[in-house]
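Reader: I have a fold open in my viewer and would like to talk it through with you, starting from the overall picture and then going into the details. Could you show it here so that we look at one thing together?

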Amino acid sequence: MGSMNRRTLLTTTAGAAAAVAVAGCGSGSGGKSEGAPRPPGTGGSRPHSGAGPSPGPTATLIGDGSTARTGPQPHQPPKPERLEPGQKPPQFVIFSWDGAGEVGNGLFPRFRKLAADHGASMTFFLSGLYLLPEDKKLRYAPPRNRRGASDIGYLTDEHVRATLDNVRRAWLEGHEIGTHFNGHFCAGHGSVGNWSPADWHSEIEQAKGFVTRWKTNTGWHDLDPLPFDYDKELIGGRTPCLLGQKQWLPTAAELGFRYDASSPGGNQVWPGKKHGLWDLPLQLIPFPGHRFEVLSMDYNMLANQSHAATKSDPRNYPGWRRQAAASYIAGFQRAYETNRAPFYIGNHFEHWNGGIYMDAVEEAFKHIASSGLGDVRLVSFRQFVDWLDAQDPAVLAKLRTLEVGEQPPGGWREFLAAPPTGSGGRSGAGGHSGAGGGSGSGGHSGTGGAASGGSDAVT
């Protein structure tokens, strides 16, 4: 089995008739990057802006100058409005990236440019350790692990600088910067799946500290700050290997987070809340050629195709790439043509199996962005929860009654013509979002859901 590119990943056991509910974690990527601001989700694009704007004279440095308040984030959509009675909801599609570091393979700027070319926004879940030089690793005290330990590799100084550059540009281009925490521990006593709320509090405070004090940790005081207040920017994240959400959520709620994208094995239905946070799980989607469904993440495609090997027989690559792209497109089409549930896709900046998963997600992205469908919105998680929070809770409760692949009875005009008033139904309960084949066992070693007997039915 090929290596996981500077990371320790567990071997995944995937049954021939089982969708694997796992989440790999890729190292970051990208070479020199070009800024490319655009209005998110509108399909429009703007010319490249070179290095992108730097914080101007009105910027207010925070702390040691690692971050700064620079005003409202550029290239955001208009303030969301409530759906009118009988109005069909937009089709939201959120592309997100775990780790979001830059190690010189060109992937971070590649997908920033792709988003810019199509007027889209994405969410980048930054691993805090990617801003901490390896010679300062003892400043990290991971819960239930030895000081300085990490199951992902520390970046070289060159790649820390490149990550800073890409994160800076990404935010100025309208993307969201979330968190993927730090050391990515997925096995043994120290696994994040065993952490307590107090452990999670320590981990997230350290992750924020590595972002807000990178100048102190690196000594690079000549570099521009990150142009945002991370305490206000950070409203959501995804836990390593999709583990530990139950223990993480109380801490997330205490800290004022607004959503969490850590739950594994969700279905393509409208989301609800857990602990007051929007629960936005990776989703089970059709997997062409199989009766079971696959989790909407590149690593899960890999786990089912090559049994977690990252360097397999190249003769398989073309077919696997087509299958992965077709899976994403099928998930999009199913939602768009039926219940209009938001579609979440997770990725890693990795060249696994010859880079076929990066090519597949780009193909799917272009298919969705170039579809000519005016009611498709390619947005970040932050932009999506802004829209959710603007809606009538009763309307969202009605939307949550639609099952996977279910069209609204009587059509949208009739279905949402007279929504019930009052409590908002299941808005606090999470609705269907926890259901589906990939159970909370998650991780790289989870077995996922059993064969369903049909691409739309998952048990």
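Author: Before any totals, one term: a residue is called buried when its relative accessible area is under 20%, exposed when that area is over 50%, and partly exposed in between. Please also keep in mind that this is a predicted model.

Reader: Fine. How much of the protein is buried, then?

Author: Of the 459 residues of the protein, 59% count as buried. The secondary structure comprises 12 helices and 14 strands.

Reader: Let's go to helix 9. What span should it have, and what does the model give?

Author: Helix 9 covers residues 352-369, and at 1.5 Å a residue its 18 residues should span 26 Å; the C-alpha atoms at its ends are 24 Å apart, which agrees.

Reader: Which of its residues are buried?

Author: The buried residues of helix 9 include Trp352, Ile356, Tyr357, Met358, Val361, Phe365 and Ile368, and also Glu362. As background, an α-helix has 3.6 residues a turn, so residues three or four places apart point the same way.

Reader: What covers those buried residues of helix 9?

Author: The cover includes helix 1 (107-117), helix 7 (298-306) and helix 8 (317-337), together with strand 4 (91-99), strand 12 (343-348) and strand 13 (376-378).

Reader: Now charges. How many salt bridges are there in the whole structure?

Author: A search of the whole structure finds 20 salt bridges. One of them joins Asp359 to Arg110, with their closest N and O atoms 2.9 Å apart. Asp359 belongs to helix 9 and Arg110 to helix 1, so this pair ties together parts that lie 249 residues apart in sequence.

Reader: What about Arg315, which residue does it bridge to?

Author: The side chain of Arg315 meets that of Asp313 in a salt bridge, with 2.6 Å from N to O. Arg315 counts as exposed at 72% relative accessibility, whereas Asp313 is partly exposed at 31%. Elsewhere, salt bridges with shared partners link Arg110, Asp359, Glu362 and Lys366 into one network.

Reader: I also noticed Lys215. Where is it, and what is the nearest side chain of opposite charge?

Author: Lys215 sits in helix 4 (residues 214-218). Lys215 is buried yet has no salt bridge, and the nearest side chain of opposite charge is that of Asp224, 6.6 Å away. Leaving aside residues up to four places away in sequence, Lys215 touches Asp224 itself and others, among them Asp64, Ser66, Trp220 and His221.

Reader: Changing topic: what is the strand order in the open sheet of three strands?

Author: The order is 7-9-8, with mixed pairing. Strand 7 (259-260) and strand 8 (273-274) stand at the edges with a single partner strand each, so one side of each has no neighbour in the sheet. Helix 6 (residues 245-254) packs on this sheet and touches strand 7, strand 8 and strand 9, its direction making about 150° with that of strand 9.

Reader: In which sense do strand 7 and strand 9 pair?

Author: Strand 7 and strand 9 (residues 277-279) pair in the parallel sense over two bridges, and Tyr259 stands opposite Trp278 in strand 9. There is also a salt bridge between Lys274 and Asp279, with the closest N and O atoms 3.5 Å apart. Lys274 is partly exposed at 25% relative accessibility, while Asp279 is buried at 1%.

Reader: Last thing, backbone angles. What is the phi of His75, and of Arg340?

Author: His75 has a positive phi of about 60° although it is not a glycine, and Arg340, not a glycine either, also has a positive phi of about 60°. His75 lies in the loop between strand 3 (67-69) and strand 4, and Arg340 in the loop between helix 8 and strand 12. His75 is buried with a relative accessible area of 18%, and Arg340 counts as buried at 2%.

Technical notes. Residues numbered from 1 in each chain as written. Predicted model: local features only at pLDDT ≥ 70, side-chain atom pairs only at ≥ 80, totals over all residues. Heavy atoms only, no water. Pairing = 2+ DSSP bridges. Helix = DSSP H or I, 4+ residues; strand = E, 2+ residues; numbered from the N terminus. Contact = heavy atoms within 4.5 Å. Axes fitted to C-alpha atoms, helices over the stretch in contact; angles between N-to-C directions. Buried < 20%, exposed > 50% of the residue type's maximum accessible area, 1.4 Å probe, protein only. Lys, Arg positive; Asp, Glu negative; His and termini not counted. Salt bridge = Lys/Arg side-chain N within 4 Å of Asp/Glu carboxyl O. Expected span 1.5 Å × (residues − 1).
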